[in-house]
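Me: I'd like to learn how to read the features of a model like this one. Can we go through them together, rings to begin with?

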Amino acid sequence: MNLERISLEQLRVFAEVVRAGSFLGAAKAIGRTQSAVSYTVATLEQQLGIVLFDRSQYRPKLTPTGEALLGDAHAILERVDRLQARASAIEHGLEAELALAVDVYFPLSRLLDCLNDFRATFPSVTFRLYVEALGAVAERVLAGSAQLGILATLPELPPGLDGFSMPPIRVLAVASPDHPLVKYAGALDRATLQEHVQLVLTDRSALTEGRDYGVISSTTWRLSDLGVKHAMLLASMGWGYMPIHWVEDDLAAGRLVALPLDMQPKGGMQLAMHVATRIGQPVGPALRWWMERLRRPGGA
């Protein structure tokens, strides 16, 4: 058995004979003579040291060995086709890979809708996703490890970035129903809030080092993961701000309670959202798709 000499052409002819149901049908489909098709399959069988087709009947029939190897042949051909399609797309300007950095406050449902549509539109593009907080999103875009960022919290884009605004995210101060703040009557002022631990989302980026957003309490517990913050709020380990889309089910079920802060507008506060790219960065088809998609009403 000489596997090194097996060619893609042999595998394609093998698969085409199965699809067409005969050597003659395969020959017509690929524009070759029947004898050439028969020779190609026979050579493949000889090199593999097995019989792929039972030729005792009018039409060739796959042997059990042929049945077993057909899936492997299809898998090889599909991978080669994908490789060729990707190489052609890259040659014509399509990015080989795209990286996106997204703030943890961006709604997951919107992100998943975009990802599904992107995969269908650009199946050959490798995708990388970073979920970060505060200035870490902008840092990734500035450093070039992400070509596009969806930023929250920052009031304006840092120098070196360009982009556009998205619809804001609403955030709300919440606590567990058995938290002491829930027992107060009327709106909660700053002095009252300062007496209780506030759970605060934080990061390690230089862009937001030493800067606080929405911090009121004199005692804070700082976390880098929004899911952990959510779990700690449910466990009554403090109070804190959460995007409404994260906690709407908890509010409806009574697992969390909206706190009536006197400095908070009714219905929650608006958190600015921006789409950002690095100034001077080349914009290929995949990146342009994301920018156009995120410009839609609703941000997705």
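Me: Which residues do ring pairs link into a cluster?
Reply: In this predicted model, ring pairs join Phe118, Phe122, Phe127, Trp289 and Trp290 into a cluster. Rings of Phe, Tyr and Trp (its six-membered ring) pair if their centres lie within 6.5 Å; planes under 30 degrees apart count as stacked, over 60 as edge-to-face and the rest as tilted. There are 9 aromatic pairs in the structure.

Me: How do I describe one such pair?
Reply: A pair of aromatic rings is described by the distance of the centres and the angle of the planes. Here, the ring centres of Phe118 and Trp290 are 5.7 Å apart with the planes at 40°, so this pair is tilted. The pair links distant parts of the chain, 172 residues apart: Phe118 sits in helix α5 (residues 108-121) and Trp290 in helix α10 (residues 285-294). Helices (H or I, at least four residues) and strands (E, at least two) are DSSP runs, numbered from the N terminus. For Trp289 and Trp290, the centres are 5.4 Å apart and the planes at 80°, so that pair is edge-to-face.

Me: Are Phe118 and Trp290 buried or exposed?
Reply: Buried means under 20% relative accessible area, exposed over 50%, partly exposed in between (1.4 Å probe, protein chains only). Phe118 counts as buried at 3%, and Trp290 does too at 0%. Trp289 is buried as well, at 16%.

Me: What about nonpolar cores?
Reply: In soluble globular proteins, nonpolar side chains tend to be buried together. A nonpolar core is a set of buried Ala, Val, Leu, Ile, Met, Phe, Trp, Tyr and Cys residues joined through side-chain atoms within 4.5 Å. The largest one here has 43 residues, and those with the most contacts inside it include Phe118, Leu148 and Trp290. A second, separate core of 18 residues includes Ala26, Leu48, Phe53 and Leu70.

Me: Where does a charge sit over a ring?
Reply: The test is NZ of Lys or CZ of Arg within 6 Å of the ring centre and within 35 degrees of the ring normal. Arg140 has its charged end over the ring of Tyr130, 3.7 Å from the centre. Arg295 lies over the face of Phe164, 3.9 Å from the ring centre.

Me: How do I read the faces of a helix?
Reply: An α-helix has 3.6 residues a turn, so residues three or four places apart point the same way. Take α9: Ile244, Val247 and Asp250 are buried. Those buried residues fall within an arc of 125° seen down the axis, so they line one face of the helix; the arc is that of the directions from the helix axis to the C-beta atoms. Asp249 and Ala252 are exposed on the other side of α9. Just after α9, Gly254 takes a positive phi of about 85°.

Me: How far can I trust all this?
Reply: pLDDT is the predictor's confidence in each residue, from 0 to 100. The chain has a mean of 84, with 89% of its residues at 70 or more. Helix α9 (residues 244-253) has the highest mean, 94, and helix α4 (residues 64-91) the lowest, 76. Local features need pLDDT of at least 70, side-chain atom pairs count only at pLDDT 80 or more, and totals for chains, interfaces and linings use all residues. Residues are numbered from 1 along each chain as its sequence is written, and side-chain values use heavy atoms, with hydrogens and water left out.
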